Amino acid sequence: MKELAGRLTALDPDAGAAVRVIGYFDRLAESRAGLEALVRGAAVLAGCAARLVDAERRVRVRVEADGTRRDSESPPDPAWPSAALTPGGASALWLERTAEAAPSVVDAVILERAAGAVRLVLDRTRGRVPAHDPELVETLLDATAPETARLHAARRLGLDTADPATRARVVVPLDGSPRIVVAPRDTGTSGSGRHVSPAQHPDGDPQTTPVHTAPVHLGDEPPVGRLGVGPAVPVLDLPRSWAAARTALRFTADGTAQDPGPRVVHADELGGIALLAELVAPGAEPPSDVHDLEAAAANAPWLLATLNAVAATTSLRAAAAEINVHHSTLQDRLTHAESLLGWPVRTPQGRLRLQLALTMRHLARP
């Protein structure tokens, strides 16, 4: 191949370069290179950034011309030269050529050979497994399942079981199956870390999976209603995240006047409050303060929303704004509420007691 490339270069430089490209990607394919290596090869050979986007299989890889991995959530420019992974498909490999730099014959060969190699890797490592196959998720979250079975399920779901930096979390809706989402990697470019970020596959093929911290986004079909979000953990610790997400779900509310409170609760933001879940069993006889709340709410339909605003905001004026009433109206309501409850809610101790009572009300639900 080298001799042929040398002879062709003497006759036609583009033809010689094309032969070298073919040999390069053939060697990568033979060594079972991963997606990042293939995209990097395309970028370095083309002298411009290369980008792989496969939304169906949740794969997004971008590599600069110098070989540096820098993913981007911006959509590819339709004017860039590209090669579809399947005929007529939306998934493709792109070369980020500017309008001034017309694509060459070598670019076309790079795209064709790299896209073919990428397709083989995707078919080998991802296949067409649904993003949240219930059986695979169930296996992965079962702490009693053999570790080999759980690792296999994780790989089939697109999680990296080889990279110790990979983290994932479990999201549990009130009605529906748990979802596993990849936690963002700390790239140092965002202070909050609340964004979609790449994860690595064992074969080196990165993916992008919807990531959910606050707020939670679960792709094109996000679950509605109450959500418990588990902490980000190593892949084999996902049963622990699942247990924490189920606990967090118990702290959620419908967000209505009769069931005020947060609809999404993150387990790792509960802190010591999570211990209350061990003290108040679902469906068990609730504490006396919860009985007092229920009895008072039966006499005043506005009471629960008003008290929740007082417990969840930093001042009475903020609470009044939260429920859209005048400050004096709120004071009148609280005077009436205190007479119904039998304890003050405007003192530090009374406010803490109110917060605990509202929380235990959620936890005591069957």
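Which residues is L52 in contact with, leaving aside its neighbours within four places in sequence? I looked this up in the model, which is predicted. L52 is in contact with L35, V39, V59, R60, V61, L85, A92, L93 and V118.

**Cores.** I then turned to the nonpolar cores. The largest has 32 residues, and F25 and L52 touch the most other members. I listed the elements that each supply at least two residues of this core: the helices α2 (13-30), α3 (35-46) and α4 (105-125), and the strands β1 (50-54), β2 (59-63) and β4 (92-95). Helix α4 gives the most, with 10 residues. I also found a second, separate core of 22 residues, which includes L307, A309, V310 and L334. I note that nonpolar side chains tend to be buried together in soluble globular proteins.

**Helix α7.** I checked the span of α7 (residues 238-250). From its first C-alpha to its last, this helix of 13 residues reaches 19 Å, close to the 18 Å expected at 1.5 Å a residue. I recorded its buried residues as L238, P239, S241, A245, A248 and L249. Their cover includes the helices α5 (134-141) and α6 (147-156). It also includes the strands β5 (168-173), β6 (179-182), β9 (227-229) and β10 (264-266).

**Confidence.** I looked up pLDDT last. The protein chain has a mean of 81, and 81% of its residues reach 70 or more. Over residues 1-13 the value stays under 50, and the model has 13 contacts beyond four places in sequence for them. Residues 187-222 are also below 50, and this stretch has 112 contacts in the model beyond near neighbours in sequence.

Note on methods:
Residues are numbered from 1 along each chain as its sequence is written. This is a predicted model: local features need pLDDT of at least 70, side-chain atom pairs count only at pLDDT 80 or more; totals for chains, interfaces and linings use all residues. Side-chain values use heavy atoms; hydrogens and water are left out. A nonpolar core is a set of buried Ala, Val, Leu, Ile, Met, Phe, Trp, Tyr and Cys residues joined through side-chain atoms within 4.5 Å. Buried means under 20% relative accessible area, exposed over 50%, partly exposed in between (1.4 Å probe, protein chains only). Helices (H or I, at least four residues) and strands (E, at least two) are DSSP runs, numbered from the N terminus. Contact means heavy atoms within 4.5 Å. pLDDT is the predictor's confidence in each residue, from 0 to 100. The expected span of a helix is 1.5 Å times one less than its number of residues.
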